[in-house]
Amino acid sequence: MTSLPVIQTRKLAERECLNNVLLIVPQNGYYTGFQGLVQTEPLGIEYVAGAVSDLAKNVQIHDDRIRPGGWRDKVRSHPPDLVGIGCQYTADVPVVTKLAREVRELVGPDVPIVVGGHHIGLRPADAFTPEISAIVRGPGEQPFRELVKGWGAKRSFEDVREIWYRDADGQYVANMDPIKIRPHFKYDSPIMNERPQPRRDLVEQFRDDYFFLFYPKVYSVETARGCRYRCSFCSVWNHHQGEYLVESPNRTVAEIASLPSGYVNFVDDLAFSDIDGAGELADELRRLGINKRYWAQIRADNVWPKSVEKRKKHQAVFEKLAEAGLDMVLMGLESFDPAELKRVNKGSTVEQNVRAIEFLRSIGVKIWGAQIVFPEWDVADFDKTIEMNRKLGIEVPQYTILTPLPGTPDYERAVRDGTLLTLEPGMYDFFHSVFKTKLPLPQFYTEIARLYKETGTWAVNADGSVADQDLASRAARSIFRDIKDGRTVPTAVRAFKERFEVLRNEQVHLARLAQTALNQVGAQALDQIGELAALKDQLGGRFSEKIDEIVARKGQVAERWTERVDEITSELSAKAKRASQVLSPDNPLLQG
Ligand code: B12
Ligand code: SF4
């Protein structure tokens with residue numbers, strides 16, 4: 001038996017200073033989207049727990065996505081000295097602030113409630129509520145450790161860096177320098193190598209409910225943090241202040257080898273960018289005979305660099321990764337239109353997208369193609385996207401509406417230009433448009449459902465025929481192999497197919513979106529009327545009467561939109577019912 005590398009982590013040797021720390025993963029703030037397809041372990045919170053394990057007698061994680069309200073039992077059994085809540089997604093804000101209120105009621109006024117995670121570090125003001133005591137920015141291990149120490153020693157957060165905290169007067173104090181983008185890229189990074197191990201043991205109680213697509217009980221692994229690129233819609237590089245740090249392949253291999261699951265997903269925003277390290281990782285996985293399958297997020301230009309020499313080298317590494325078990329990659333394709341790629345500062349080309357897909361296909365790696373739906377799109381743009389996805393045979397297409405996330409240049413620009421329809425965090429879920437759309441909103445949302453319906457591995461045309469027989473057979477063979485090798489079971493595959501229906505069903509899209517979409521439809525219509533009113537003077541007397549009339553009918557317009565959404569929702573509901581009869585989950589491509 002070949003020996004495994006040892007994971008080198010920082011030796012923690014401080015004295016315990018608190019009895020109980022409780023960390024809570026909030027329920028999901030999303031209405032519809034990928035949460036139905038993927039529910040993975042909360043790796044970020046597990047790292048945070050790992051960072052304070054020597055400082056508290058008892059650290060607990062409660063995953064409220066799996067057992068809503070179960071944190072109350074944990075509070076009662078081990079009254080916490082400090083509570084941490086994650087706020088990863090912008091859309092989670094309403095859930096997190098409500099949860100903080102409920103926790104405050106139960107724990108009383110003297111227990112600090114700390115919120116951390118991707119979104120909240122970039123727009124902390126969302127958590128400036130009376131119940132929340134402090135907010136952590138960026139990677140949480142170090143600041144949270146300092147928070148626990150500060151509270152244990154002095155009942156004070158004054159000396160803790162990278163946080164906002166409430167002082168004695170109830171004012172929020174920012175204990176940090178402004179975000180500074182440092183283009184610091186480090187492979188075999190000591191910071192990464194020495195970070196504590198994630199406390200997976202604390203979420204084992206929820207493991208049966210974690211899944212990734214149709215793989216049950218999947219484990220997540222992080223090998224890198226941050227990104228070297230600067231896409232204008234992406235908040236990752238601000239969260240990490242421009243750094244890109246990769247751990248040693250040894251640490252990754254040791255961690256993977258310690259996991260019991262047959263499927264592992266790398267959570268890195270940018271995996272395998274350290275191409276030599278990726279090569280070593282593949283070699284080690286093969287040398288040790290670790291037989292697992294992997295999912296990772298990559299860029300097309302890492303598979304298809306422009307220079308021929310580089311391309312040869314990179315592709316040789318991807319071939320080795322495929323042999324070592326690389327199963328599927330999420331590729332940030334964003335668009336098949338050069339102007340749109342430029343607009344989002346992607347830095348890769350349409351040709352690279354296409355060539356990378358073709359190459360990966362040739363070595364048996366499946367594609368999860370992440371694409372942006374732009375608010376200016378017309379029906380023809382949706383048609384073009386469907387055509388491209390079918391032509392390229394993208395197995396798992398992901399279409400999300402261009403959303404200016406807090407902490408991105410897109411957001412700053414939109415705020416500056418006043419182009420946002422809403423600042424309501426719940427609407428920043430990638431399935432609502434927060435920009436004005438060219439198509440009327442209900443039609444825009446229906447078109448998005450059509451994208452999902454007419455593309456992808458599980459794409460079945462409205463008449464029940466398979467959209468792409470070749471793709472479907474390939475997917476079926478691959479699933480069959482996963483079942484044979486014990487990575488998944490038929491019930492998990494069936495459950496996934498049922499959940500996937502959500503994305504393809506206009507009824508679900510519209511019904512779930514109707515409530516909130518209405519506000520937007522209203523806002524959009526009112527906005528247009530507002531613009532018209534502003535034009536009044538310029539247009540002169542002839543039109544001014546007409547405009548006055550229209551403005552007076554503002555309220556009625558919003559009302560009519562409401563009726564129209566209702567009409568469309570019920571029309572589609574009937575259609576979806578007919579479609580679902582054809583699309584029985586037991587009519588699988590699996591038999592192929
Ligand atoms: C992997 C990933 C996925 C995977 C999930 C697989 C998985 N294993 O989780 C997939 C592709 C399925 C996915 C889906 C989605 N994702 Co995602 N995803 C990520 C990604 C790349 C990594 C998350 C991760 O595990 N990181 C590794 C851990 C170690 O880091 P961390 O979670 O950030 O935790 C650290 C800190 O945040 C902090 N921290 C975290 N929690 C807490 C709590 C406390 C108390 C404290 C003190 C600190 C703290 O300390 C941690 C350790 O350093 C992030 C990007 C990112 N860098 O965060 C995006 C990201 C979180 N996802 C994002 C989005 C939008 C989505 C989707 C909505 C996409 C879509 N349109 O459907 C869906 C939603 C899924 C859902 N509802 O659950 C956005 C969120 C943006 C936002 N502001 O809302 C991010 C930030 C990427 C981006 N910029 O676009 N995602
Ligand atoms: S979208 Fe991907 S490549 Fe672009 S900055 Fe974000 S993580 Fe990096």
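Which residues of helix 5 are buried? The buried residues of helix 5 are Glu141, Pro143, Phe144, Arg145, Glu146, Leu147, Val148, Gly150 and Trp151. Buried here means that 20 or more other C-beta atoms, placed from the backbone, lie within 10 Å of a residue's own C-beta, while exposed means 12 or fewer, with partly exposed in between.

## Basis of the model

This is a predicted model, in which local features need pLDDT of at least 70, side-chain atom pairs count only at pLDDT 80 or more, and totals for chains, interfaces and linings use all residues. Residues are numbered from 1 along each chain as its sequence is written, and chains are lettered from A and ligands numbered from 1 in the order in which they are written.

Helices (H or I, at least four residues) and strands (E, at least two) are DSSP runs numbered from the N terminus.

## Helix 5

The expected span of a helix is 1.5 Å times one less than its number of residues. Helix 5 has 14 residues and should span 20 Å, which agrees with the 20 Å between its end C-alpha atoms. Arg155 follows helix 5 and has a positive phi, near 50°.

## Ligand 1

A residue counts as near a ligand if its C-beta atom, placed from the backbone, lies within 6 Å of it. Around ligand 1 there are 42 residues, of which Gly44, Gly84, Gly116, Pro139 and Gly140 come nearest. Elements giving two or more residues to this shell include helix 5 (141-154), strand 4 (82-86) and strand 5 (113-116). Helix 1 gives the largest share, five residues.

At least three residues of the shell come from each of domain 1 (18-175) and domain 2 (185-419), with bounds from an automatic or database domain assignment. By class, 20 residues are nonpolar, 19 polar and three charged. Ala, Val, Leu, Ile, Met, Phe, Trp, Tyr, Cys and Pro count as nonpolar, Asp, Glu, Lys and Arg as charged, and the others, Gly among them, as polar.

## Ligand 2

The residues around ligand 2 include Cys227, Cys231, Cys234, Trp237 and Arg299. This shell has seven nonpolar residues, one polar and three charged.

## Helix 9

In helix 9, Gly277, Ala278, Leu281, Ala282, Glu284 and Leu285 are buried. Seen down the axis, the buried residues of helix 9 fall within an arc of 165° (taken from the directions from the helix axis to the C-beta atoms), so they line one face of the helix. Asp276 and Arg287, on the other side of helix 9, are exposed.

The buried residues of helix 9 pack against strand 14 (244-246), helix 8 (249-257) and helix 11 (308-324), where contact means C-beta atoms, placed from the backbone, within 7 Å. Just after helix 9, Gly289 has a positive phi of about 65°.

Definitions and conventions:
Two residues are in contact if their C-beta atoms, placed from the backbone, lie within 7 Å.
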